[in-house]
Amino acid sequence: MKLLDGKTAIITGAASARGLGKATATLFAEHGAKIAVLDLDLDAAKAAAADLPGEGHIGLACNVTDKWACIDAAAAVLEAFGQADILVNNAGITQPLKLMQIEPENYDAVTDVNLRGTLYMSQAIIPHMRERKTGSIVNISSVSAQRGGGIFGGPHYSAAKAGVLGLTKAMARELAPDGIRSNAVCPGFIATDITGGKLTSDMMDMILEGIPMGRAGEASDVAGCCLFLASSLSAYVTGSEVDVNGGSLI
Ligand code: NAD
């Protein structure tokens with residue numbers, strides 16, 4: 001018996017080949033789940049779904065900043081799978097801006113995807129989870145929320161990801177009586193397309209100096225934590241924020 005046998009999972013922003021969402025989708029599929037890959041581009045989402053281990057995964061276009069797109073995607077998942085047990089709110093963008101460089105459109109773009117998207121996709125699937133009295137929602141925040149910045153994320157990114165932590169806890173409190181859990185994962189520096197290709201070796205040395213484990217994280221490190229929070233292994237865990245950062249905050 002695999003950990004997620006008979007379960008279905010919706011993972012937003014899961015089409016990016018080196019991304020945390022795709023790694024999480026792959027690990028969940030290896031553990032028996034059927035996956036709905038949601039991302040901006042339909043072809044990319046379908047290709048990512050086809051690439052996952054096992055059969056029956058689906059790819060859907062869904063811009064998580066659009067409430068109605070989230071509602072449509074949730075309906076399409078329920079039509080295809082009949083149920084949704086797990087939601088991973090992973091879609092995110094960042095912008096390397098300083099405080100005084102943030103224009104209204106920067107603030108809106110970063111807040112919309114990271115925070116509003118997490119709310120809208122959760123709202124789209126919660127009625128179904130409530131009906132079944134079960135569900136696990138995993139929200140991807142960031143170490144930037146906890147320490148007020150990082151190499152890539154500007155203050156608006158820190159604020160949006162801190163908002164994700166507040167939303168996670170509020171959802172956990174409100175949804176606990178309905179059998180739905182809500183937890184957040186705070187990745188540190190993980191090698192993906194968000195971080196890749198933009199670093200000089202000096203920057204890399206500086207980053208590694210701040211990581212007691214002395215290495216960048218892998219997408220699979222984050223996926224493992226998501227698997228724990230999505231599965232019954234974490235049945236009594238809700239409202240938590242789990243650090244996956246190689247000890248960066250010690
Ligand atoms: P990535 O850029 O590889 O993947 C992000 C995915 O989100 C892409 O597939 C993109 O198309 C999708 N996306 C963007 N806007 C969207 C929208 N409006 N609707 C639906 N999908 C959308 O990035 P990643 O590194 O895999 O990041 C995944 C998550 O982890 C993000 O929330 C990010 O903020 C967070 N995070 C990453 C790191 C890191 O070091 N890589 C650290 C902390 C947190």
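Author: Two residues are in contact if their C-beta atoms, placed from the backbone, lie within 7 Å. In this structure Ile-35 touches Ala-9, Ile-11, Ala-25, Phe-28, Ala-29, Ala-49, Leu-52 and His-57, leaving aside residues up to four places away in sequence. The model is predicted: local features need pLDDT of at least 70, side-chain atom pairs count only at pLDDT 80 or more, and totals for chains, interfaces and linings use all residues. Numbering starts from 1 along each chain as its sequence is written.

Reader: Where does Ile-35 sit?

Author: Helices (H or I, at least four residues) and strands (E, at least two) are DSSP runs, numbered from the N terminus. Ile-35 belongs to strand E2, residues 34–39.

Reader: How many residues of H1 are buried?

Author: Of its 11 residues, 9 are buried, so H1 is largely enclosed by the rest of the structure. Leu-20, Gly-21, Lys-22, Ala-23, Thr-24 and Ala-25 are among the buried ones. Leu-27, Phe-28 and Ala-29 are also buried. Two of these, Phe-28 and Ala-29, are contacts of Ile-35. After H1 comes Gly-32, with a positive phi near 100 degrees.

Reader: At what angle do H1 and H8 pack?

Author: Axes are lines fitted to C-alpha atoms, for helices over the stretch in contact, and angles run from 0 to 180 degrees between N-to-C directions. For H1 and H8, the angle is about 55 degrees and the axes are 8 Å apart. Under 35 degrees is roughly parallel, over 145 roughly antiparallel, 65 to 115 roughly perpendicular, and the rest oblique. H1 is therefore oblique to H8.

Reader: Which residues of H1 and H8 meet?

Author: H1 brings Leu-20, Ala-23, Thr-24, Leu-27 and Phe-28. H8 brings Ala-219, Ser-220, Val-222, Ala-223, Gly-224, Cys-226, Leu-227 and Ala-230. For classes, Ala, Val, Leu, Ile, Met, Phe, Trp, Tyr, Cys and Pro count as nonpolar, Asp, Glu, Lys and Arg as charged, and the others, Gly among them, as polar. The contact of H1 with H8 has 10 nonpolar, 3 polar and no charged residues.

Reader: What does Phe-228 touch?

Author: Phe-228 is a residue of helix H8, which spans 219–230. Outside the four places on either side in sequence, Phe-228 touches Leu-233 and Ser-234. Phe-228 is partly exposed, because 16 other C-beta atoms lie within 10 Å. Leu-3 is 225 residues from Phe-228 along the chain, yet their C-alpha atoms are 9.2 Å apart.

Reader: How do H3 and H4 cross?

Author: The axes of H3 (residues 67–81) and H4 come within 8 Å, crossing at roughly 40 degrees. H3 and H4 are therefore oblique to each other. Lys-67, Cys-70, Ile-71, Ala-73, Ala-74 and Leu-78 come from H3. From H4 come Tyr-120, Met-121, Ala-124, Ile-125 and His-128. By class, 9 are nonpolar, 1 polar and 1 charged.

Reader: How do H4 and H6 pack?

Author: H6 covers residues 155–175. H4 and H6 pack at about 15 degrees, their axes 8 Å apart. That makes H4 roughly parallel to H6. Meeting residues in H4 include Asn-106, Tyr-107, Val-110 and Thr-111. Those in H6 include His-156, Tyr-157, Ala-160 and Lys-161. The contact of H4 with H6 has 11 nonpolar, 7 polar and 1 charged residues.

Reader: Which residues come nearest the ligand?

Author: A residue is near a molecule or strand if its C-beta atom, placed from the backbone, lies within 6 Å of it. Of the 29 residues around the ligand, Gly-13, Ser-16, Gly-19, Gly-92 and Thr-192 come nearest. H1 (20–30) and H4 (104–132) are the elements that give two or more residues to this shell. The shell has 13 nonpolar, 14 polar and 2 charged residues.

Methods:
Buried ≥ 20, exposed ≤ 12 C-beta atoms within 10 Å, placed from the backbone.
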